[in-house]
Amino acid sequence: MVQRIIRVLPLRTIRAYSSTSTRSNNNRVQLVFDHHAPPNAETSRHRQDAPIIFMHGLFGSKKNNRSVSKVLARDLKRHVYAIDLRNHGDSPHAPRHDYVAMADDVAGFISEHGLKEPTLIGHSMGAKTAMTLALDQPSLISDIVSVDNAPIDAQLGRSFATYVRGMRKIEEARATRQAEADEILASYEPDLPIRQFLLGNMTRVPDENDSKKNVLKFRIPLDTLGKSLDHLGDFPFRDPDQNRFEKPALFVRGSKSTYVPDEAIPIIGRFFPRFSLVDVDAGHWLISEKPSDFLKGEYILFKIGSARNTDSLFLAVVEFLTPKE
């Protein structure tokens with residue numbers, strides 16, 4: 001299905017917000033990652049030259065983006081680093097969990113690995129992390145792809161707090177089998193794919209009361225993430241006149257999702273004046289729902305303020321990240 005893409009010029013009618021510094025004073029967390037190399041080393045870039053850094057959403061991990069990362073590495077001949085953000089996957093836990101801290105971790109990852117002109121791709125929580133770093137330290141970044149999130153304050157849905165309660169219930173029950181854990185979680189979330197996504201965070205550990213018995217436990221710190229939910233919908237930047245990312249930015253939103261409402265388009269244009277917006281016929285989990293559309297879907301190009309729509313086509317993420325002659 002051909003969808004639409006919008007290029008928007010920054011508007012001057014949006015009210016200004018107070019400025020907020022995003023520099024973190026906390027220690028950085030050393031992020032764990034999967035490295036996806038292009039299959040043909042002779043024709044691909046060096047691993048430090050214009051790599052892609054892929055960031056997951058809340059309760060996700062680097063393994064969520066494994067298939068898409070391999071396609072990007074193959075088709076773009078660029079190295080892809082799928083990372084675990086703090087308090088997720090195999091990365092260390094830390095008491096602070098907000099976009100300032102997560103963006104600072106990613107800045108440390110770029111420095112640690114000597115990466116030059118990286119592209120940031122982030123979904124949901126990862127998208128706001130990418131936007132935060134791009135606005136805070138634009139010299140580090142070549143371009144960004146924000147998947148179903150916007151640079152606005154928005155309350156998280158109640159479902160995330162429900163997920164935390166369900167995961168805690170599994171730990172309290174000291175479940176030993178995946179089927180048992182799924183049965184408990186089904187009381188909190190009826191959708192099987194979402195339950196499978198959440199249960200992917202489980203690991204087996206010795207039972208505290210019986211060393212011969214292993215129980216299921218979530219590797220993510222449920223208390224820390226549960227406490228962070230109230231502010232994870234916030235965005236740390238307030239004034240687009242003070243912080244702006246003047247490089248290319250692609251915003252991909254699910255047409256069945258509410259995370260990037262039309263009302264957010266003007267403020268996106270203020271913070272990211274060179275942005276494009278793509279609508280994919282999917283919900284919030286659009287990468288897993290429609291991976292082909294996310295990577296190579298065809299979109300009609302629209303321009304705000306033009307007398308008519310143009311006829312040109314745009315091939316989503318792959319074309320956006322393909323160097324132009």
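Does D104 count as buried or exposed, and at what relative accessibility?

Reply: D104 counts as buried, at 13% relative accessibility (buried is under 20% relative accessible area, exposed over 50%, partly exposed in between, with a 1.4 Å probe and protein chains only). The model is predicted, with local features requiring pLDDT of at least 70, side-chain atom pairs pLDDT 80 or more, and totals for chains, interfaces and linings using all residues. Residues are numbered from 1 along each chain as its sequence is written, and side-chain values use heavy atoms, without hydrogens or water.

D104 and R28 form a salt bridge through their side chains, at 3.3 Å from N to O (a Lys or Arg side-chain nitrogen within 4 Å of an Asp or Glu carboxyl oxygen). Because D104 belongs to helix α2 (residues 99-112) and R28 to the loop between β1 (3-7) and β2 (33-36), this pair ties together parts 76 residues apart in sequence (helices, H or I of at least four residues, and strands, E of at least two, are DSSP runs numbered from the N terminus). R28 is partly exposed, with 45% relative accessible area.

A further salt bridge joins R86 to D105 at 2.6 Å, N to O. It links distant parts of the chain, 19 residues apart: R86 in the loop between β4 (80-83) and α2, and D105 in helix α2. R86 is buried at 2% relative accessible area, and D105 is buried at 1%.

Between D279 and R253, the closest N and O atoms of the salt bridge are 2.4 Å apart. This pair connects strand β10 (residues 275-280), which holds D279, with strand β9 (residues 249-254), which holds R253, 26 residues apart. Both D279 and R253 are buried. Elsewhere, salt bridges with shared partners join K62, D84 and D90 into one network. The structure holds 19 salt bridges.
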